[in-house]
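Subject: Structure handover

Hello,

Here is the structure I promised you. Please open it alongside this email. My notes follow below.

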Amino acid sequence: MEIKVLGSGCSRCHKALETVEKVVKEQGVDAQVEYVTDIERVMAYNVMSMPAIVVDCEVRLKGAVPTEADVKKILGV
C-alpha cells in the first residue's frame, strides 16, 4: 500500500502525518508513507485543501486532520 500525506508544512499537516504513521505502525499495515509538500505534486491530485491523504493514488481525505479512527477506516483496518 502506498500512502501519501499531502501538506504545506503546517502543524495540521504534520499532525496528519504523525497520525497516519502511528496507525500504520500500531496496526502492522504493510505500507510506505510519504509526506508530500511539493505544490506541483500536490496539485496533480487536484487538492486545494490540506492536509490530504492519498491511498494508492486515490484521494481519501482532504481538508481535515484525521483522528486515528479516521485513518483506520481509510486504511480498512
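A residue counts as exposed when its relative accessible area is over 50%, and as buried when that value is under 20%. Asparagine 46 has a relative accessible area of 60%, so it is exposed. Keep in mind that this is a predicted model.

**The loop between helix 2 and strand 3**

Start with the loop that runs between helix 2 (39–43) and strand 3 (52–55). Asparagine 46 sits in it. This residue is not a glycine, yet its phi is positive, at about 55°.

Methionine 48 is in this loop too. With a relative accessible area of 63%, methionine 48 is exposed.

Look at the bond that links it to methionine 50: the peptide is cis, with omega about 5°.

**The cores**

What makes up the centre of the largest nonpolar core, in terms of which residues touch the most other members? They are Ile3, Val20, Val24, Ile53, Ile74 and Leu75, out of 14 residues in that core. Four elements each supply at least two core residues: strand 1 (2–6), helix 1 (11–27), strand 3 and helix 3 (68–75). Helix 1 gives the most, with five.

Leaving out neighbours within four places in sequence, leucine 75 contacts Met1, Ile3, Val23, Val24 and Val55.

**Lysine 4**

Is lysine 4 buried or exposed? It is buried, because its relative accessible area is 8%. Lysine 4 lies in strand 1. Its side chain makes a polar contact with the side chain of glutamate 2, at 2.7 Å. Residues up to four places away in sequence aside, lysine 4 touches Glu34, Val36, Arg41, Tyr45, Ala52, Ile53 and Val54.

**Glycine 7**

Glycine 7 is in the loop between strand 1 and helix 1. Its relative accessible area is 1%, so glycine 7 counts as buried. Which residues does glycine 7 touch, not counting those up to four places away in sequence? They are Cys13, Tyr35, Val36, Thr37, Val42 and Met50. Take tyrosine 35: it is 28 residues from glycine 7 in sequence, but the two C-alpha atoms are 7.3 Å apart. Met50 in that list is the residue joined to proline 51 by the cis bond.

**Cysteine 57**

One last residue to check. Cysteine 57 is in the loop between strand 3 and strand 4 (58–62). Its phi is positive, near 70°, and it is not a glycine. Its relative accessibility is 59%, so cysteine 57 is exposed.

**Where to look**

For a quick tour, view the cis bond between methionine 50 and proline 51. Finish at lysine 4, which is buried, and its polar contact with glutamate 2.

Best wishes

Notes: Residues numbered from 1 in each chain as written. Predicted model: local features only at pLDDT ≥ 70, side-chain atom pairs only at ≥ 80, totals over all residues. Heavy atoms only, no water. Buried < 20%, exposed > 50% of the residue type's maximum accessible area, 1.4 Å probe, protein only. Core = buried A, V, L, I, M, F, W, Y, C linked by side-chain atoms within 4.5 Å. Contact = heavy atoms within 4.5 Å. Polar contact = N/O pair within 3.5 Å; in protein donor to acceptor, adjacent residues only side chain to side chain.
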